[in-house]
Every structure is written in C-alpha cells, then in structure tokens.
Amino acid sequence: MIEIKNLHKSYKMGSNSLHVLKGINFSVEEGELVAIMGSSGSGKSTLLNILGMLDELDEGSYTLDGVPIKNLNETKAAQYRNKFLGFIFQSFNLINYKNAMENVALPLYYQKVGRKERQEKALRYLEQVGLKEWATHLPSELSGGQKQRVAIARAMAAEPKVLLADEPTGALDSKTSYEVMDLIQKINDAGNTILVVTHEPDIADMCKRIVHLKDGVIVEDKKVEQVRASQYV
Amino acid sequence: MFNKDRWKEIIEVLTSNLFRTILTAFGVFWGILILIILLAAGKGLENGIKSDFGDIATNTMFMWSQVTSKEYEGLPKGRRFDFKVEDVTALKENIPNLRFVSPRNELDGFRGENNVVKGLKTGAFNVYGDYPEIIKQDPMIITLGRFINQADINEKRKIAIIGEGVKTALYDKDEEVLGSYIKIQGVNFMVVGTYKKKSNNGDGEQGQKEIFVPFTAFSQAFNQGNNVGWMAITANDQASITSLKAGIITLMKKNRKIHPEDERAIGNFDLYQEFNRVESLFVAMRLIAYFVGILVLISGIIGVSNIMLIVVKERTKEIGIRRALGEDPWSIKLQILMESIFLTIISGMAGIIMGALFIYGVNALLEVIGPVDMFLNPSVSLSVVLIALVILIVSGLLAGFIPAQSAIKVKPIDALRAE
C-alpha cells in the first residue's frame, strides 16, 4: 500500500539546514495498523506530513497504492489527499462553525457528492462512531473524545486507502484515549490501513507493528502482539 | 458557484462577526451613496438649465444687420443696411443642409411706446413679421385658433397671433378673441390665434407678450419694402450650424457689399455653440462626480480588502484543514473572492437604494416648495445604476484578489500549524 525508498528531507533554518529524515526505507501492507514512535525531533511528524502529501520530499521515492507521489501541484495534491488519505489530528481540527454532520460531510463535498447522499453518508459514519444524536451539534458543544470521534468519522467519510493519525490521543485523558484507540482498532479490524504517530508506549502497544524513529532513521521495526483497548474501556 | 453550501458558508463567515462586517460594508455603502447623490445633483442642474432652453431648435443661429465698420467698393463706413428678401432665397440655394431660413422684421415694443390699440386699451408689445417655419424654431403652443400659414404669406393677409400676455392686457376676461381686430401702429389686424411659450427662463413673461403677423403683410403695412431685419437659420441634424456659419456670413457680406474682413457689420448669435458649451459643462460635472464618488468608493474598497485579509489570517488554520481534507486551492480562492464581491455588492446595493430614497425625498420636497431656479427633477438613469453595479463587482474582485491570493499562498502544513 505504502512504499518509501531512501527518503531524505531537510529544512532550511536561516543559513544552516536541518537534516530531519536521513534515508528512510519503509513499506506498509494493506490492513496494517502501524505505530510510528519516537521522541520529539525524531522526524516522525515530518514523515507523516510527507506521507500525507502535506510536505514534499527532497530525495527518494514514495508510492501510494501503486501511484508515484512526485512533483504534485497543489490542485493534484488536494485531489490525491481527498481520494487516498484521511487525517486525524491531535487537536481534532474540526471547523468550528460547522456542526458535526457538516464536518464529516466536508471531504464528500470536495468530491462533489450530492447534498442528500453526503448527509446520508455523514450520518452513517457518525453512527459508526456512536455520535448520531450529536449530528447537529457544533464542535464547541462536544467533549474532547467526541470531537476526536467526529474527526475520525470525517477521515473515514471519503473511504480513503490510508488513515493517518497524528498523536490522535495527545489531547485526551487516558480513559478517552482508550475509547478512541478502541474505535481505531475496530476500524482496522474492518480492513482499513492505519498509521498512528504517537510517543505514548501504551498507545503504540495497541497497534500491530511499531516503527521506532530516532534522529531521522528507523532504529527498530517490529511486529507486536496487539493489546486490545476494549479491555480498558 | 451557485451551490447552496457555498452561499451558506459565505453567510456564516460574514455574520460571524456582524458588527465588523457592517462597519466594513459602510465604507462601500458611503462611496456608492455619494456617487449616486453627486450624479443626481448634476442631473438636476442639467435638467434645470436645459428646461430653460425649452424646446427651441438648438441647431439654430440668429443673424441681424448692424452698422458697417469698413469702407468697401466706394461705400462709406458707418453705413446702415438691411438684408433683402432675395438673400433668403440665395441662402437656401447656395448653402447646403439648411432646414429653415426664416426672415423676420419687427417693431420693438419694449422701448416704451404703446404701439398696439384695442378699443380703449393700449399696450407696448413686440410685433414680428414672420414665416410659418418660425414655430418650429421657436416652439410655442397654439392655445386658440391657428398660427400663420403659407396662404397668409402669399396673400399678405393682415392677421395676428397674439400671446397669452397680450390677451390679458388687451381683452376682458370673457371677451371673444378670435375674429376681433387690434390696431398695430394704426393698421388693423384680425386676431386668428393665441399662443403660449413653454420656456420658463428669465424673459418667460416677455415671451408671452409678442404678436406674430405674416412677414409679407408686415412688410407692406409698415413700409419695409423687401428689407429683412433678422433671420433665424436652422441646419439639418447632420450638419451643425456652427460649421455652416462662416459660409452664411461670407455670402451675406458679398450680397450686401460689405468688406470681407468687416467683423461688425453682421451680428449673430449661435445657439448651437452656446448649447454645446453648456453641454460640455455637464460632461465636466459628470466627470467630477465620478471622480469624487469613485475616490470615496476606493477607500471603502480598501477597507473591504483589509478586512478580508484579516478574515483570511483568522481562518488560516481552517483553510489548512480544508486543504488537508482535499479542497482544491481554486475553490478556496473562489470562496474568498465571492465573499468579497458579495459584501461589496450587498453594501453597494444598500447605497444605491439609500441614494434612490434620498433622490425621491428631494423630488418630493421640490414638489412641495415649488420649482427652484436651475434645478429640476434630480435623477439617475438605469445605466448609471448598471455602471455602479459593474464598478462594485470589479472593485469586489479587486478587494478580494490579494486576500484570496494570500489564502492559498500558505502551504497547508504551515496553515495547520498556525494557532
């Protein structure tokens, strides 16, 4: 599903440049649930941004579902993001003047799906995350866990190939974190490919594979016995 | 562009900080209001002055004989002369594009001496010997009877058409006017019609106190021979009288044996030139109105542009999210542009409506207090409203352009990081 070869990325900081990713080789199969771990500054967010086509790579190659991701203009990148990827952010990033259903329907709107169908689908995904009754509520009326569940429903709505979650539990207490992880595991059980960036070991243990990043290189890549989040809920 | 979601979003964004939106809109509202009021005031002045011209044929010049100022072919300077009836024919034959050439002789009434008698009443009036065409050059409304016709000219009938002012001065209220006789310098003329002139300028009253008789009858009754004192010459619409004037005067100088360089012998008044001078004044006024109005509008537009920049700044993160979810950058740009255009058009329309109400109020006021000198019916035409709308759309585009550009200039990754 994801194929990365010899990936380099550096940032210019004034006169000197900062080499963040120093040759990453990495691939993800369909249906995997991968945790990317590392301390801050290890390059894990940069890797996720490149995977999410939010940032460009300097060197190397990136293939997503057989499509080479290279030299995209903004319009093309937007199309690919919409078609291939669903994002889950640490700070939820819901649009605060749109209600839960409208937020979930946004990616479908950008796919030019009709209004009625959009609403139906959005409601279906909200139901999956258990928030159907909250469809008409604004983000400000939801708790943190509810917001993240709306964000997950939104990421799912466009039926992407890969879900990218950047510290999805970073802003939540541990009980809510486990609820969110339980949801992510269920989505993964249904066959979706998910990448989770985290620095919390207990969250990483709930994935099926852990990739450790340190100073821009992968230092460890191992399959683990998945801890089910449902037992904590 | 016309889908419901986009409009819903525009409304949501603009109403999320309503007070700020209204303040911003006020700048554009004010600019358009001032533009409309200035244009309407200019139009009112134009209408007022043009109504003073009345329906007079403006492509007309008047020409009369004065005193020569140069010797020529043995004739002395300081010589008095008259045009002759054959000059009228010569003009019609030699100068192309002339519509009417109306010769006129006159007895002055305003020098004070009473020259008209009717029974026991007397009065001093201007008496003109005229041709039928004069009514097309100096329009009047025939209120009773008829005007001079060609048969009157041919048969030298002693008939008269008198103004409403003459009628009030010489007749009792219920007296029969048509068929009665008045005595002009001792000669009896039968009244066959009365007229009223429309123009309401300074000498409006004077205009109602004139008496028209057939040119030929006048010449015979008052011993003018074939002299002509005065001519009203109107050109066809395709040629301006101003361009024909030199030819006319040269021809007259030749026929009347006047030195070709004698500038004083023939007096003339070019109505067309005067009219054009006034016309160019109005054009200048319109230009000034647009200039001032648009300058005021520009400051409003800058306000809109400014606020759109702030809105974009505030929404940087939202724009980042939307791009991460896969919205086309052009769609975001379009969104910002439409918000800006929508805001300018709405506030501009409010300005146009307010301006229309203001004009309506002024007109109502004018109706109550009666006509004001040189000001009549201020208004703006539909074309002005359309021009204003075009200005608004263009300025909305301009106002939104820089903010829209800056909205998509930020990379989605940077926009997402923004707080």
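The model is predicted, with local features requiring pLDDT of at least 70, side-chain atom pairs counted only at pLDDT 80 or more, and totals for chains, interfaces and linings using all residues. Residues are numbered from 1 along each chain as its sequence is written, while chains are lettered from A and ligands numbered from 1 in the order in which they are written.

Chain A contains an open sheet of six strands with mixed pairing, in the order S6-S7-S8-S3-S9-S10. Helices (H or I, at least four residues) and strands (E, at least two) are DSSP runs numbered from the N terminus, and two strands pair if DSSP finds at least two bridges between them. Strands S6 (85-88) and S10 (217-223) of chain A form the edges, each pairing on one side only. From one strand to the next, the twist averages 20°; axes are lines fitted to C-alpha atoms, for helices over the stretch in contact, and angles run from 0 to 180 degrees between N-to-C directions.

Within this sheet, S3 (residues 33-37) and S9 (residues 209-214) of chain A are paired in the parallel sense over four bridges. Opposite Val34(A) stands Arg209(A) in S9(A). Helix H1 (residues 44-51) of chain A packs on the sheet, where S3, S7 (162-166), S8 (193-198) and S9 of chain A are touched. The direction of H1 makes about 150° with that of S8(A).

The contact between the chains (C-beta atoms, placed from the backbone, within 7 Å) takes 17 residues from chain A and 15 residues from chain B. On the side of chain A that touches chain B, helices H2 (74-84) and H3 (100-110) of chain A each supply at least two residues, and the largest share, six residues, comes from H2(A).

Notes:
Two residues are in contact if their C-beta atoms, placed from the backbone, lie within 7 Å.
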